[in-house]
Amino acid sequence: MKILLLADANSIHTYRWAKSLKSKNFDIHIFSIFSPNNFSIDNYSKLNIKITSAGLEAKIKELRKPNLSKINYIRSLPFFKRTLNEVKPDLVHAHYASSYGLIGFLSGFKPFILSVWGSDIYHFPFTSFIAKFLLKKVLKGSNEVCSTSYEMKKITENICYRNDIKVIPFGIDTKFFKPINKLQEKFTVGTIKSIEDHNGIDCLLDAASIVLNKYKKDLNFLIVGDGSLKSYMEQKAIDLGIEKSVRFTGHIPHEEIIKYYNMLSIFIAVSTRESFGVSILEAGACGVPSITSNIGGLKEVNKNNYTGKIIAPD
């Protein structure tokens, strides 16, 4: 069977889907709105998976925020239709409803499977009436819809009024994510998340200030990731007087991320929205317990008082 994945070629989740399907002898082709980076090109070439790209990254501004530049997603439709004619897939599987899902829906190709990932359900439909209208059309127009968590499945079903959504959780490679010789010099609390408003980095810094300034505990705090609020959070650490104990690493390539999980004594994920929480599984596979908020799919990957602690996000 020939499957065309309509997804971001630079996402590690797309790579995992493609690699797994390829291992089961499916013929895989990827169409990506954005050009693949060198890391993706190298990895997919090793799997003998071809990527076709619309190369629209220069047309889209502030990928993580709603803005008018995203209307340029539609410009990928002619490229995608051309790819359909060339590849002639038996099945199209789009990942992320509000971009790739929309392109797949507008192409009219069937059978068409849609996987929702998170902010396309938790955030996008609430940005405008038009956004919610488009999302409903895409969800209803898909032959099958898949969710990474039961919590997001409920929300998705309420949006599109269908009750046949499948749950396919993200998985992790336990041959890669595993404990290694602990690398921290002292007790280290941290997170590996994009530095955006919904990921609770400000909450982590406030907690760090209490531990370091009020209780005078000698701990390290590690924040791994990049994002639009990185500079703001770095300044907040300075304002709180904790900058000497808090390290911001910036973006870390996925192939190096296991080192940073193994630097941690406790992993923190106090997000205000979370579709699944694959980082909790990655941390757990490295032998690191988690403290998470009681939001979304986090409750499905962190068992209170067993694999970690669950708290209110604020």
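Guide: Ser40 sits in helix α2, which covers residues 38-46. Helices here are DSSP runs of H or I with at least four residues, strands are runs of E with at least two, and both are numbered from the N terminus. The model is a predicted one, in which local features need pLDDT of at least 70 and side-chain atom pairs count only at pLDDT 80 or more, while totals for chains, interfaces and linings use all residues. Residues are numbered from 1 along each chain as its sequence is written, and side-chain values use heavy atoms, with hydrogens and water left out.

Ser40 has a relative accessibility of 5%, so it counts as buried. The scale calls a residue buried under 20% relative accessible area, exposed over 50% and partly exposed in between, using a 1.4 Å probe and protein chains only. Setting aside residues up to four places away in sequence, Ser40 touches Ala9, Asn10 and Ile51. Contact here means heavy atoms within 4.5 Å.

Next comes a sheet. Seven strands make an open sheet with parallel pairing, in the order β3-β2-β1-β4-β5-β6-β7. Its edge strands are β3 (50-53) and β7 (166-167), each of which pairs on one side only. Two strands pair if DSSP finds at least two bridges between them. Strands β1 (residues 2-6) and β2 (residues 27-32) are joined by five bridges in the parallel sense, and Leu5 has Ile30 in β2 as its bridge partner. Helix α4 (residues 97-107) packs on this sheet, where it touches β1, β2, β4 (91-95) and β5 (112-116), and its direction makes about 170° with that of β5. Such angles run from 0 to 180 degrees between N-to-C directions, with axes taken as lines fitted to C-alpha atoms, for helices over the stretch in contact. Helix α7 (residues 150-160) also packs on the sheet, touching β5, β6 (144-147) and β7, at about 140° to the direction of β6.

Apart from neighbours within four places in sequence, Lys166 contacts Glu144, Val145, Cys146 and Ser147.

Most residues other than glycine have a negative phi, and most peptide bonds are trans. Lys110 and Pro111 are joined by a cis peptide bond, with omega about 0°, and Pro111 is in the loop between α4 and β5. Tyr161, in the loop between α7 and β7, is not a glycine, yet has a positive phi of about 60°. Its relative accessibility is 62%, so Tyr161 counts as exposed. Lys216, in the loop between α8 and β9, likewise has a positive phi, about 55°. At 65% relative accessibility, Lys216 also counts as exposed.

Six strands form an open sheet with parallel pairing, ordered β10-β9-β8-β11-β12-β13. Because β10 (246-250) and β13 (308-311) stand at the edges with a single partner strand each, one side of each has no neighbour in the sheet. From one strand to the next, the twist averages 20°. Strand β9 (residues 220-224) runs parallel to β10 and is joined to that strand by four bridges; Val224 stands opposite Gly250 in β10.

Leu222 belongs to β9 and, with a relative accessibility of 5%, counts as buried. Excluding neighbours within four places in sequence, its contacts include Thr188, Val189, Arg247, Tyr260 and Leu264.

Helix α8 (residues 201-214) lies across β8 (188-192), β9, β10 and β11 (266-269), at about 170° to β9. α8 also packs with helix α9 (residues 230-239), at about 15° and with axes 10 Å apart. The two are therefore roughly parallel (angles under 35 degrees; over 145 is roughly antiparallel, 65 to 115 roughly perpendicular, the rest oblique). From α8 the contact uses Ile201, Asp202, Leu205 and Asp206, and from α9 Met233, Lys236 and Ala237. These residues divide into four nonpolar, no polar and three charged (Ala, Val, Leu, Ile, Met, Phe, Trp, Tyr, Cys and Pro are nonpolar; Asp, Glu, Lys and Arg charged; the others, Gly among them, polar).
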